[in-house]
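Please read this briefing alongside the sequence and the structure. It starts with the overall layout and then goes through the parts by topic.

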Amino acid sequence: VETADGISLQLFVNSAREKVLHFSKSVNPCCEKDIAKVIEIARKELWETKNKELTAINQINTDKNSKANSSASLKKDFKFFVNNIFGSIGALLELGLFSFVSMENSLVEDIERKFDRSDTIWYREEVRVMM
């Protein structure tokens, strides 16, 4: 059994010229600010949509079990959008616009899968479309 204890790193690396490159922020930071502003508006609209539907669910004259299922289904979908979609967008924007653009298709696919799933939703379907 041989070990590499006595071998120096120079035997394996011929030219170890490393340097750290720092890139400046994009020339046009207003684009990122505009996207962040749109995301913030969308997030507020999502909260308003959820709260209106929860109020509507509680005012409907149905049994408590249906109300509980409706509100649980709504809260589950709301958490998906807030955590998975808006959370990912926020983190990607912190990394930079390129990161956001490179992951955009994946986020759209997540949303499409959410709409295409065969789960029964217990609240109004138009509310899910609004979300």
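In what order do the elements of the chain run from the N terminus on? They run α-α-α-α. The model is predicted. The chain holds four helices and zero strands.

**Chain as a whole**
- The chain has 131 residues, and buried residues make up 24% of them.
- Among contacts between residues at least 6 apart in sequence, 65% join residues at least 24 apart.

**Nonpolar core**
- In soluble globular proteins, nonpolar side chains tend to be buried together.
- The largest nonpolar core here has 20 residues.
- Leu46, Leu74, Ile89 and Tyr123 are the residues with the most contacts inside this core.
- Helix H1 (30-59), helix H2 (64-95) and helix H3 (97-116) are the elements that give two or more residues to the core.
- H2 provides the largest share of the core, with 10 residues.
- Leaving out residues up to four places away in sequence, Leu74 touches Lys50, Glu53, Leu54, Ile57, Tyr123, Val127 and Met131.

**Helix H2**
- H2 has 32 residues and reaches 45 Å from its first C-alpha to its last, which is close to the 46 Å expected at 1.5 Å a residue.
- At Phe86, H2 bends by about 30 degrees.
- Gly96 follows H2, and its phi is positive, near 135 degrees.
- Phe78 is another residue found in H2.
- Phe78 counts as buried because its relative accessibility is 6%, and the cut-off for buried is under 20%.
- Phe78 touches Leu46, Trp47, Lys50 and Met131, not counting residues up to four places away in sequence.
- Trp47 is 31 residues from Phe78 in sequence, and the two are 8.2 Å apart in space, C-alpha to C-alpha.

**Glu53 in helix H1**
- Glu53 lies in helix H1.
- With a relative accessibility of 2%, Glu53 also falls under the 20% cut-off and therefore counts as buried.
- Setting aside residues up to four places away in sequence, the contacts of Glu53 are Leu74, Tyr123, Arg124 and Val127.

**Helix H3**
- H3 has 20 residues and reaches 28 Å from its first C-alpha to its last, close to the 28 Å expected at 1.5 Å a residue.
- H3 bends by about 45 degrees at Glu104.
- Ser99, Phe100, Leu107 and Lys114 are buried in H3.
- H1, H2 and helix H4 (125-130) are included in what covers the buried residues of H3.

**Largest pocket**
- About 180 Å³ of space lies in the largest pocket.
- Its lining consists of Phe81, Ile85, Phe86, Ile89, Phe100, Glu104, Leu107, Val108, Ile111 and Met131.
- H2 and H3 each supply at least two residues of this lining.
- The largest share of the lining, five residues, comes from H3.
- Phe86, where H2 bends, is one of the lining residues.
- Glu104, where H3 bends, is also one of the lining residues.

Technical notes
Residues numbered from 1 in each chain as written. Predicted model: local features only at pLDDT ≥ 70, side-chain atom pairs only at ≥ 80, totals over all residues. Heavy atoms only, no water. Core = buried A, V, L, I, M, F, W, Y, C linked by side-chain atoms within 4.5 Å. Buried < 20%, exposed > 50% of the residue type's maximum accessible area, 1.4 Å probe, protein only. Contact = heavy atoms within 4.5 Å. Expected span 1.5 Å × (residues − 1). Bend = angle between axes of the 7 residues up to and from the residue. 1 Å grid on protein atoms, 1.4 Å probe; cavity = no way out; pocket = protein on both sides within 12 Å on 5 of 7 lines; lining within 4 Å. Points joined across faces, edges and corners; volume = space filled by probe spheres on them.
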